[in-house]
Every structure is written in structure tokens, then in C-alpha cells.
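Here's a quick tour for anyone meeting this structure for the first time. Take a look at it, and then we'll walk through what surrounds the ligand.

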Amino acid sequence: MKGFEYLQEELDQMKEEGTFRELIPLESPQGSKVSIKGKEVIQLSSNNYLGLTSHPRLKDAAVKAVEEYGVGTGSVRTIAGTLAMHEAFEEKLAAFKHTEAALVFQSGFTTNQGVLSSMLTDKDVVISDELNHASIIDGIRLTKCAKKIYKHVDMKSLQEKLEESKEYRTKLIVTDGVFSMDGNIAPLPEIVELAEQYGALIMVDDAHASGVLGENGRGTVNHFGLDGRVHIQVGTLSKAIGVLGGYVATTKTLKEYLIHKGRPFLFSTSHPPAVTAACDAAIDVLLEEPELMQKLWDNRAFFKEGLENLGFDTGISETPITPVLIGDDAVTHQFSDELFKEGVFAQGIVFPTVPKGKGRIRTIVTAEHSKEELQEALQAFERAGNTLNLL
Ligand code: PMP
């Protein structure tokens, strides 16, 4: 069909530059080992931090919900698609997060978009870390407010932006809790101090911290003992929680406002019963099986140390996201291919997801990996590193 030639040209150029990506289908459930192209490989690229995608309690809850309530809701939340279980889950989530209220969106992406695009007007300013996630950037793009970007985790730069922003009604500082490409944690105590000094609000995106940081996985705010001092906590239900969705844990006022003005919430059909029931069971697992988080962190320590002992540079990671910094984009892809041959699935991340020349293999260990699997993976890294003369 004619009409898409200009798109094809761009795709061809991406192929020439080596940035074109094929989707890689898994032929097995998500897990510490997965089947890809008929081969069993160690999975080091998922966000399934606690292994909850296949946890029996979540699966049972989902199956039961399908049997009792069917597979869909047939409406958006604000018309006829709010189930009692949606509200019960939000109450459970708010109690878990120690906030007044919580509201679930269809994904973490639409949560950021919905919150930012609805609550800020031309009277307001948003002050955002330069390495915040794409969904924050897109949410900000949808607003008419003033936009300021501060240097990554640089508190001097944040203070300068706050200093320039005194005339605005609402000053909203936005930061990822854990940055997804380097695995470092935002300096939240300093951000809170500055926010309090300048009368600013704070929004934290805890996509990679929910289920990973804080007591029972309550997130970055709880990790730093800052409960009650951060106004908006966004999180995803799609990573450590193992299912799908996003949430905002915040005040009753913002929740009610988002129900009326948050466009992705208003105009998109609500989560199927199986999704909500599985997410609800995931919170019980976080509370009742803290050994999963312990195993995740033990695995992270073992694997990071192993990579560093081999001579790899893991950057500034402080969480189970452990990047192996390579640099050149093409070499990064070659390394990922070599790892696959050696039995490890660890995707290369290159421009435009990270700046040019900052290519890396981003690894994420989970609570499901055994020490033997991680040892095997380290041996694969050593062999692949030697093959490409990286060690
Ligand atoms: N924020 C951050 C920091 C993320 O890494 C992601 C997932 N890539 C999201 C938001 C979006 O979450 P979801 O996958 O639930 O849409």
C-alpha cells in the first residue's frame, strides 16, 4: 500500500545506523530462565523483580476473578466500569503506601501522563530531572505550564530552578524514584528539604522502586523515612507487582480531581477483574512474603560484585538495575548477541534511550534467580567479554 514511503526511509536509515530493533518473543512464561528462538536462556532483562508474574497466589486470584466476574468490565470507570474490587484495591493500596487515597490507571505511563497533564495550568511550573522517564516528559508536553529541567540529581541546579520559579502558583518538582537506565536512587531527602524551603510540591515516579525499596516494597519515600512529606507517589503495577497498571498514591483532593480531569482515567476502559484481583494479591504477597525482597537484594549484591570482579563497569547503580557500561552502540549490540549465544538474554540499551556513546547492557536480577543461574550468567559475561576484548 502506498503512502508510507517516508516512514520506510526512516526505518531503513535506522537499519543502517544499527538502531533498528526486532521484537523478541518469549516462547515460555516469564521467569529466571525463558525460551527464545527455541533456546533456553537466563533472563536478565525483565522487570519481574520478585517473580510475581507467575506467583501461585496471583494466578489463583486472577483465575478466580475470571470465573466470578468474567474477562472485561465493558466501560470506563466513570460510567459503568467501576467494580467493587477496584475500589477495595485502591483502599488497600492507599493503606499500604500510608497515603490518604490511591487511584489506579491503566498503566504507569498513563498515570504520569494523566496526573501531569491535568493538574498543571499556565499559572504553574514543573521542574523535572533531565533523566526522568519518557511518560513524565510526555505528560509535561501536554501541559500549558512553564517547564524547567534540572541537571540529573543535581541539587544546586534544582535550587536555581526553584529560585527562578517564585512567581508561580504551583511549583511541582518531578523525579523518578529509581532511574531506570542507571539504577541510581533520587536524593529524595534533599529534594524534600528544598521543596519545603520553596513551598513546592513533589511527585515521585516509583516504577522501579515499588516492591523493591522501602519496608515491604513501599517505595522510595518510605525507604528514606519521608512518609507524609511527598505529595504525589506514582507507581506501576507492571514491574515488581507482576501484573499491569499504574497508580497514584496521594491526597483525597487530588484523587477526586483526577477522577474528573485525568484524561487517560476518564476515557479508557477500566482494568479487567483478573488484573485487579492479581494486583490485590500481590500486595498481600509483599506484606506476607518479605523473603522475596530479601532474595532480590541478595541476588543483586552477588551479581553486581561478580560483574565488578570480572572488571565490568556497573556505573552508579544502587538497586537491582545493574547496567554494564559498554559505550559504543554497535559493540553494545554485539555484546548482547554474544551473551545470547552463551545462554543469557540481556538486552543492549543504546541511543535514543540513553545518550549516544553511552550504550550498555542493562541487567535486572530477580528473586527467582538461583545462585547457580547467576554464576552461569557471570561465566557467560566473562566469555562474551573476552570474545569482544572488553575485559
Ligand atoms: N515510569 C518509569 C520510570 C518506567 O520505567 C516505566 C516503565 N518503562 C513507566 C513509568 C511506565 O510504566 P508502565 O510499564 O506500567 O506503563
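How many nonpolar, polar and charged residues does the shell around the ligand have? Keep in mind that this is a predicted model. Sorted by class, the shell has 10 polar residues, 3 charged ones and 2 nonpolar ones.

Altogether, 15 residues surround the ligand. Gly-108, Asp-205, Thr-236, Ser-238 and Lys-239 are the closest. If you're wondering which element gives the most to this shell, that's helix α4 (residues 108-119), with 3 residues. As for where the ligand sits, the space it takes is the largest pocket.

Here are some polar contacts between protein and ligand:

| Residue | Protein atom | Ligand atom | Distance |
|---|---|---|---|
| Gly-108 | polar backbone atom | oxygen | 2.8 Å |
| Lys-239 | N or O atom in the side chain | nitrogen | 3.1 Å |
| His-133 | polar side-chain atom | nitrogen | 3.3 Å |

And how much of the ligand gets covered? Taken alone, the ligand exposes 400 Å², and the protein buries 82% of that.

A search of the whole structure turns up 5 aromatic pairs. One of them joins Phe-312 and Phe-381: the ring centres are 5.8 Å apart and the planes sit at 80 degrees, so this pair is edge-to-face. Phe-312 lies in the loop between α12 (291-310) and β10 (321-327), while Phe-381 belongs to helix α14 (residues 371-387), so the pair ties together parts that are 69 residues apart in sequence.

Note on methods. Residues are numbered from 1 along each chain as its sequence is written. This is a predicted model: local features need pLDDT of at least 70, side-chain atom pairs count only at pLDDT 80 or more; totals for chains, interfaces and linings use all residues. Side-chain values use heavy atoms; hydrogens and water are left out. A residue is near a molecule or strand if one of its heavy atoms lies within 4 Å of it. A polar contact is a pair of N or O atoms within 3.5 Å; within protein, one must be able to donate a hydrogen and the other to accept it, and residues adjacent in sequence count only if both atoms are side-chain atoms. Accessible areas come from the Shrake-Rupley method with a 1.4 Å probe; for residues, only the protein chains shown count as cover. On a 1 Å grid over the protein atoms alone, a cavity is a set of points where a 1.4 Å probe fits but cannot get out, and a pocket is an open set with protein on both sides within 12 Å along at least five of seven lines; lining residues have an atom within 4 Å of a point. A molecule sits in a cavity or pocket if more than half of its atoms lie within 2 Å of its grid points. Helices (H or I, at least four residues) and strands (E, at least two) are DSSP runs, numbered from the N terminus. Ala, Val, Leu, Ile, Met, Phe, Trp, Tyr, Cys and Pro count as nonpolar, Asp, Glu, Lys and Arg as charged, and the others, Gly among them, as polar. Rings of Phe, Tyr and Trp (its six-membered ring) pair if their centres lie within 6.5 Å; planes under 30 degrees apart count as stacked, over 60 as edge-to-face and the rest as tilted.
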